[in-house]
Amino acid sequence: MQPNDEMSRSESEARRGGDAPPFLWAGWRRLPPVVYLALGLLLILLLLFAVAGPVEAGQSTLNGLVGAGYFALGAVGLTLVYGVLRLVNFAHGDMLTFGTYVTLAITSLGVPFWPAAVLAMIVTALLAVLIDRVMWEPMRRARTSTLQFFLAAIGLAMVLRYSVQFFAGSQVRAVGLDTTSSVDIGPWHLGSLQFVVMLVGLATILLTGAGLRYTRLGKEMRAVADNIALAEVAGIDTRRTIRITWIVAGGLAALAGILYATAIGSINPNFGFTILLSLFAAAVLGGIGNAYGALAGGIVIGLAQEWSTLFFNPRWKPAIGFAILILTLILMPRGIFGRRKARI
Amino acid sequence: MRKTLAGAAFAAGLAMALAPMAAKADPINLTIGKLLEVTGPLSETGPSQDKAIKLAVAYANEQAAKAGVPIVAKDIGADVQGDPQAALSAARSLVDQGASCLIGPSITPESIAIANGLTIRKRVTIWPTGTSMRLRTIKDEGTIFRTVPPDSLQAYALVAAVIDKLGSADGKLVSVIYRNEPYGEGLAKGFSKAWEAKGGKIQGPVVFDPAQATFDSEAGQVVANNPDAYVIIDYPDTYAKLGAALVRTGKFDASKAFVADALAFSTVPSNIPPQATEGMRGTRGGTPMGTDAYKIFDDLWRKAGGVEHFSLDANSFDSTTLCFLAAAMAKSSDPAAITSHIRDVTSPGAPKFYLTNLADAIKAVYGGQKIDYIGVAGTFEFAENGDPTVSLFDIFEYQKGKLVVLKQIDATK
């Protein structure tokens, strides 16, 4: 996302007069939406502290941020692929699964967990590139329609899931790390691994966002996302850019899967698909195609779900999370960081 | 003329070919369908259910041969995946392959989907190990039999288990949490009602959606106000996460926790943290272990190798045997004929037969005699709705990761 672009666009619109909004409206538009989001969330948090008490409200906030970490990290790769390729990658959840199972397979050979995780990220990135070569590239060349891409992605999701199941079996597998240890922060507590996931998730998203904004590669990706034909004319090797997009998306998917699995402790071949809907929700809510949007979307959904448990039975958690999604999309049809055109 | 000759020759040949078969009764080829939880939330149960049914088929075949009764069974299986739609497809494929009875599945919504979508119409009996009372809200027209006691009874057993530990229910606060499914809902409601009737208090219930990424808020609500006990109705896959979340609260004491049959493992799986189960107690449908029938069953189980005993394995063994007996009595593998003879082989007041004299039982029913077959799990004598009269429950405790049965109780008392 480019808050400066957003500002300059509103300013220039205001200056041009034509369809310029009234003065106050223009002033309102001048602040980036993330400020409103942060202010809004802070206000709700203060209210919750007053109504539900600081211990409960603080604890549910921490729990919400843990969920936000899971959702945001998983959603970054999803949103990146959509941004560059306009592909609603239904197979993304199963890439999470694939990466995690590869990690477990490598650890079973005696390799320690974290080096195995790095290897698994590389393997998953390579798989993503291979799938692009075999499947997506020919489809792009044939100018396949969006719906067909979407259905092919669902098919690919099935193939991946059942392949994992074929080789690894369907039983629940323990990751083998201690999920019960926790750190105390004042009156609140947080699982140690959950804390690690949150930090790594945040760092990864910020790095991805910064990479897209400041590196040459990131600029090329954004150029391809904006207009692939124009990018090609401008001398960008679009095939290479797409390949790198898949490498990043595949690696991030594996990382998200591995971190999620370590924090929850056990997995089965369906786990990636189970959280896919939440990942989509985070991506769409943040403004699909935007790396920071995934973070913002993840935070909103994570917090909304956990905060809701202060007042409602937790059985309504998913319903409330998705009701917030619908509400936000009514108010901000393109998501929190949404643009007229999806950008990364 | 040539055609007539050829026709006559063909008819003569056919008559000759059929003659020996007509002299000897056609053997009954029975196919038992196994609806197994191979994948999905109860995948822990799949292997033991599979083994139990296979053992029952092999043993019944052996005993029928001994009795000289021409009936041979085989088993075919399909994965119900913990999903009602998948369960219905699995059941369809088994019935298409000629299954006369369907043993399983373990999750009640699956049974309901199968009954409504297929088996009521085709008059095929299903024998679920799911214990929810929701099953009895559908009009199954006498096609669903359970050899496991329903949750209306397990709720009483659970109350007895908690009282056994706390001394009495009077004024004691129990925090209840359940997985949002008919099994959890029925059992938790039944427990809460019975507990309050005994003078106890209930906190919650906290209801959770199994697909959630985190269970920390739920766990926090369970341990709030330091209750005297927790009742947790869950499945293994989610308890791996919920259990860890409970431990992370820092306030959870597993020795105050009580669970039901879906969390009864002979050995606690490695993905469930030991701190979430050590000292925890629970209830499950009990199998009387001192009987000769149990000895035979246990011997078969050990000799076959493979998976250890798991909850309700004896019940599915019995279900298979009952289907076999009903087919022998009906002298047919026709599902509808079998359905109409189930009650004749578990008939109250008729001569009692056991696994120890199964060959005699097969001979008796083949001769048209009504019997009262007593299974490994106990007496069935099905009630009007198809649920059994057995009401024996184990109260167990996890000690060093192993299930230890503390006592057996009769939930109706």
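## Two exposed asparagines

Asn225(B) counts as exposed because it has 10 C-beta neighbours inside 10 Å; a residue is exposed if 12 or fewer other C-beta atoms lie within 10 Å of its own, buried if 20 or more do, and partly exposed in between, with C-beta atoms placed from the backbone. Asn225(B) is in the loop between α7 and β7 (229–233) of chain B, and its phi is near 65°, a positive value in a residue other than glycine. Helices (H or I, at least four residues) and strands (E, at least two) are DSSP runs, numbered from the N terminus.

Asn226(B) is also placed in the loop between α7 and β7 of chain B. Its phi is near 40°, positive in a residue other than glycine, and with 10 C-beta neighbours inside 10 Å Asn226(B) counts as exposed.

## Basis of the model

This is a predicted model, in which local features need pLDDT of at least 70 and side-chain atom pairs count only at pLDDT 80 or more, while totals for chains, interfaces and linings use all residues. Residues are numbered from 1 along each chain as its sequence is written, and chains are lettered from A and ligands numbered from 1 in the order in which they are written.

## A buried strand residue

Ile177(B) belongs to strand β5 (residues 173–179) of chain B. It counts as buried because 26 C-beta neighbours lie inside 10 Å. Leaving out residues up to four places away in sequence, Ile177(B) touches Gly204(B), Pro205(B), Val206(B), Phe208(B), Glu218(B), Val222(B) and Ile232(B); two residues are in contact if their C-beta atoms, placed from the backbone, lie within 7 Å.

## Cis peptide bonds

One of the contacts of Ile177(B), Pro205(B), is found in strand β6 of chain B. The peptide bond from Gly204(B) to Pro205(B) is cis, with omega near 0°.

The bond from Gly104(B) to Pro105(B) is cis too, with omega near -5°. Pro105(B) lies in the loop between β3 (101–103) and α4 (108–122) of chain B.

## Where the chains meet

The contact takes 30 residues from chain A and 28 residues from chain B. On the side of chain B that touches chain A, the elements giving two or more residues are β6 (201–208), α7 (216–223) and α8 (236–248). The most comes from α8(B), with 7 residues.

That side of chain B divides into 11 nonpolar, 11 polar and 6 charged residues. Here Ala, Val, Leu, Ile, Met, Phe, Trp, Tyr, Cys and Pro count as nonpolar, Asp, Glu, Lys and Arg as charged, and the others, Gly among them, as polar.
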